[in-house]
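Open the model in your viewer and keep the selection tool at hand. This tour goes stop by stop.

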Amino acid sequence: MRDHKPRLSDVRISLDLLTRYGRAGHLSDAAYRALTSIVAYVAGDMCWTYTQPGDGSLEDNDEFLSKLAMTTTRRGWIKVKPEVMQFFVLKGGRWHLAEEWIEIDDRPARFAVPGRIAASVVAREGRRCTYCGSTEGPFDLDHIFPVARGGTNDASNLTLACASCNRSKGAKTLREWIGR
């Protein structure tokens, strides 16, 4: 089970799908459109909506698949099906993508620092960069222990940094940044 509920914004579809199999690839235009439409549906199914995310598989049902492929008729689907389904494996009556084209970012969503906390940090630091002492802006709120490493938006983990120091520090801890 994932640590958080994946949203559609957490999904990445590999560009390999677009570049390797698109117009320059070996698929017909109709098959390529059907494949990208089905992959997009699978990616969406793996995200949280009003129900639990799906496993990214599709039922083995030509009528359902033809709708996903956005073919105008079932006959149109039957025509492109051999090209499209070579990218899937049938297991237990369900189609699964044979290649890893869908990536779900499992990092928890990052939330903005509440205004009252930001204001208290700015007041506490006196409009001065904590790291270099500069009073020249612009200033950023910096997470002393980076969010990417598990840091929080608590005032005790925030400080004021000039843009130069903040960009230089990035997602490093103070020990990593100062010890460079």
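Start with Met70, which is exposed at a relative accessible area of 64%. Exposed means over 50% relative accessible area, buried under 20%, and partly exposed in between (1.4 Å probe, protein chains only). Met70 is not a glycine, yet its phi is positive, about 55°. Look for Met70 in the loop between α3 (62-68) and α4. Helices here are DSSP runs of H or I with at least four residues, strands are runs of E with at least two, and both are numbered from the N terminus.

Before moving on, note that this is a predicted model: local features need pLDDT of at least 70, side-chain atom pairs count only at pLDDT 80 or more, and totals for chains, interfaces and linings use all residues. Residues are numbered from 1 along each chain as its sequence is written, and side-chain values use heavy atoms, with hydrogens and water left out.

Select Arg127. Its phi is also positive, about 55°, although Arg127 is not a glycine. Arg127 sits in the loop between α5 (115-125) and β6 (139-143). Its relative accessibility is 52%, so Arg127 counts as exposed.

Show α2 (residues 29-45) and α4 (residues 74-84). Their axes are 9 Å apart and meet at an angle of about 75°. The axes are lines fitted to C-alpha atoms, for helices over the stretch in contact, with angles from 0 to 180 degrees between N-to-C directions. α2 and α4 are therefore roughly perpendicular; that label covers 65 to 115 degrees, while under 35 is roughly parallel, over 145 roughly antiparallel and the rest oblique.

Which residues make the contact? From α2, pick Ala30, Ala31, Ala34, Leu35 and Ile38; from α4, pick Trp77, Val80, Glu83 and Val84. Contact means heavy atoms within 4.5 Å. Sorted by class, this α2–α4 contact has eight nonpolar residues, no polar ones and one charged. Ala, Val, Leu, Ile, Met, Phe, Trp, Tyr, Cys and Pro count as nonpolar; Asp, Glu, Lys and Arg as charged; the others, Gly among them, as polar.

**Stop four: the cores**

Now select Ile38, Leu58, Trp77, Val84 and Phe88, which touch the most other members of the 20-residue largest nonpolar core. Such a core is a set of buried Ala, Val, Leu, Ile, Met, Phe, Trp, Tyr and Cys residues joined through side-chain atoms within 4.5 Å. At least two residues each come from α2, α3, α4 and β4 (94-97). α2 gives the most, seven residues.

Center on Phe88. Beyond its neighbours within four places in sequence, Phe88 contacts Leu35, Ile38, Leu58, Trp95, His96, Leu97 and Ala98. Then jump to a second, separate core of seven residues, including Cys129, Ala161, Cys162 and Trp177.

**Stop five: salt bridges**

How many salt bridges does a search of the whole structure find? There are four. The criterion is a side-chain nitrogen of Lys or Arg within 4 Å of a carboxyl oxygen of Asp or Glu.

- Lys81 and Asp62: N to O is 2.8 Å. Lys81 in α4 and Asp62 in α3 are 19 residues apart, so select both helices. Both residues are buried.
- Asp142 and Lys169: the closest N and O atoms are 3.3 Å apart. Asp142 is in β6 and Lys169 in α6 (residues 163-169), 27 residues apart. Both are buried.
- Glu125 and Arg124: the closest N and O atoms are 3.0 Å apart. Glu125 is partly exposed at 21%, and Arg124 is partly exposed at 45%.
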